[in-house]
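Have the sequence and the 3D view ready, and follow along one region at a time.

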Amino acid sequence: MALKRKIKLTESELLTALEGRERIASEALYDMYSASLYGVIHRIIQSEEIAEDLLQDTFVKIWNSFPSFDSSKGRLFTWMVNIARNLAIDKIRSKEFRNQSKNQDIENSVNSIDTYKATFINPDTVGVKELVEKLKPEQKTILDLVYFKGYTHVEASEELGIPLGTVKTRLRMAILSLRGYFN
Amino acid sequence: MEDLKAYIESGVLELYVMGDLALTEQREVELMAAQHPEIKTELIQIEKSLESYAETNSIEPAEELRDNILAKMYNSSSSEAIVVPMSSTGSNNISFYKYGFAASLAFLFISLAALLIVYNRLQDSKQQLSQLQVANQTYASRVNLLDKQLGYSNVALTVLKDPGFTYIDLKGTAGAPKAKLLVAYNSDKKEVMIDLASMKMPANDTSHQYQLWAMVDGKPVDLGVFDSSTDSTGMIRMKAITNAQAFAVTLEPKGGSVNPSMDQMMAMGSV
């Protein structure tokens, strides 16, 4: 897809470079994670323009608050995806955004996104079909709602009309399916 | 061990990875992970699966975004320090311009008011000046008139004071019975004056003039022409003559004639 050669580092190399605030660290960070983070942001914010702004904000924030990242508490990507998701959710819940887009409610966009985004799924990744087959629809729904749309499990339980315990179990099952698929 | 399994299966680790736990619950998970390698391993497994899932759903951002974002990342570290003083000078500037603008506006209004007052005063002065000029002209023409009248009076007075003058009343003839003219004659100085102020002659038209004649040894001698109008005033000097025995006035074509037209005799009188 991209003609330019992308920089890739191992996670430990990347962390060392990030600590030294080396230029290569920012480039590797972008090349390795921009597509994944943009995918998450774009699922929350459909507007390409705003999603691009948010991707920029996300990287600036990652770069500047890297000193507060604690690798003993989790992986770098987990930390970054939380930053991206929180910025996007703050944006979509802001007054400015609501006035601007008179947009569909968050709940309405869940379904529309899944059909709309189907064509966007990274073609570099093989076996998308098998993955979708492996994940049960109710697992996929709850996973996307919490992981991509930023619903809390309490909100998701209200939204889907299922008990909290069921939400937790389904989430765990969904992630177990992913583990089984990816490992 | 059973407790750990139950803990793992409760789904709290998944919520932790997805950032969906309250702060106290987060601390608890972190504590558990630090104490139990199984939990740490489980967490990493969950993180990796979600990371792969995100990768599966990744969307390649537009290529031109890369350089912009990388530039922003570098500039952002230093820009924060600059932004604060800039915004404060900015607001100072704004308030400076605000006050400056208000002051300019006030000054403009004061200037306009002053201009209006000065303009009104100028108009008053102009009016007074033109009134004075009119008054001045009135006085000047009055002075001219009086000066002229004074001149006539002085001439008349000179004539009247001079004992050498004799006065001859020319009386109207049959053609103009009401005609009357006073002639002052000084035979020693050969002076002849006529008094226009007391003259009573019919007004002549523009193609005719009165002509004064002196009779010397029975022959008429031309003494000059004059006009009669309602505003005639003063005494005028006519041509010199000696030995005049009588004076007469005839109406002649403008400029006078060599010989008097006897049928146009208007007045006459003997010395």
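H208(B) lies in strand 4 (residues 208-216) of chain B; helices (H or I, at least four residues) and strands (E, at least two) are DSSP runs, numbered from the N terminus. This is a predicted model, in which local features need pLDDT of at least 70 and side-chain atom pairs count only at pLDDT 80 or more, while totals for chains, interfaces and linings use all residues. Residues are numbered from 1 along each chain as its sequence is written, and chains are lettered from A and ligands numbered from 1 in the order in which they are written.

Not counting residues up to four places away in sequence, H208(B) touches L251(B), E252(B), P253(B) and K254(B); contact here is defined by C-beta atoms, placed from the backbone, that lie within 7 Å. The C-alpha atoms of H208(B) and L251(B) are separated by 6.7 Å, although these residues are 43 apart along the chain.

## The sheet of chain B

Now look at the open sheet of eight strands in chain B, whose order is 5-4-7-8-1-2-3-6, with antiparallel pairing. Two strands pair if DSSP finds at least two bridges between them. At the edges are strand 5 (219-226) and strand 6 (235-237) of chain B, each pairing on one side only. Direction ignored, neighbouring strands of this sheet are turned by 25 degrees against each other on average, where the axes are lines fitted to C-alpha atoms and angles in general run from 0 to 180 degrees between N-to-C directions.

Strand 8 (residues 265-270) of chain B is joined by two bridges to the antiparallel strand 1 (residues 166-172) of chain B. Five bridges join strand 8 of chain B to strand 7 (residues 246-253) of chain B, also antiparallel. A267(B) in strand 8 of chain B has G172(B) opposite it, and V249(B) stands opposite A267(B) too.

## Inside the nonpolar cores

The largest nonpolar core has 59 residues, and those with the most contacts inside it include L37(A), I41(A) and L13(B). Such a core is a set of buried Ala, Val, Leu, Ile, Met, Phe, Trp, Tyr and Cys residues joined through C-beta atoms within 7 Å. Helix 2 (residues 23-44) of chain A gives the most to this core, with 11 residues. Apart from it lies another core, of 27 residues, among them L181(B) and Y185(B).

V40(A) is found in helix 2 of chain A. V40(A) is buried, because 26 other C-beta atoms lie within 10 Å. Leaving aside neighbours within four places in sequence, the contacts of V40(A) include V81(A), F148(A) and A54(B).

## Where the chains meet

How many residues does the contact take from each chain? It takes 39 residues from chain B and 44 residues from chain A. Helix 4 of chain B gives the most to the side of chain B that touches chain A, with 13 residues.

Conventions
Buried ≥ 20, exposed ≤ 12 C-beta atoms within 10 Å, placed from the backbone. Contact = placed C-beta atoms within 7 Å.
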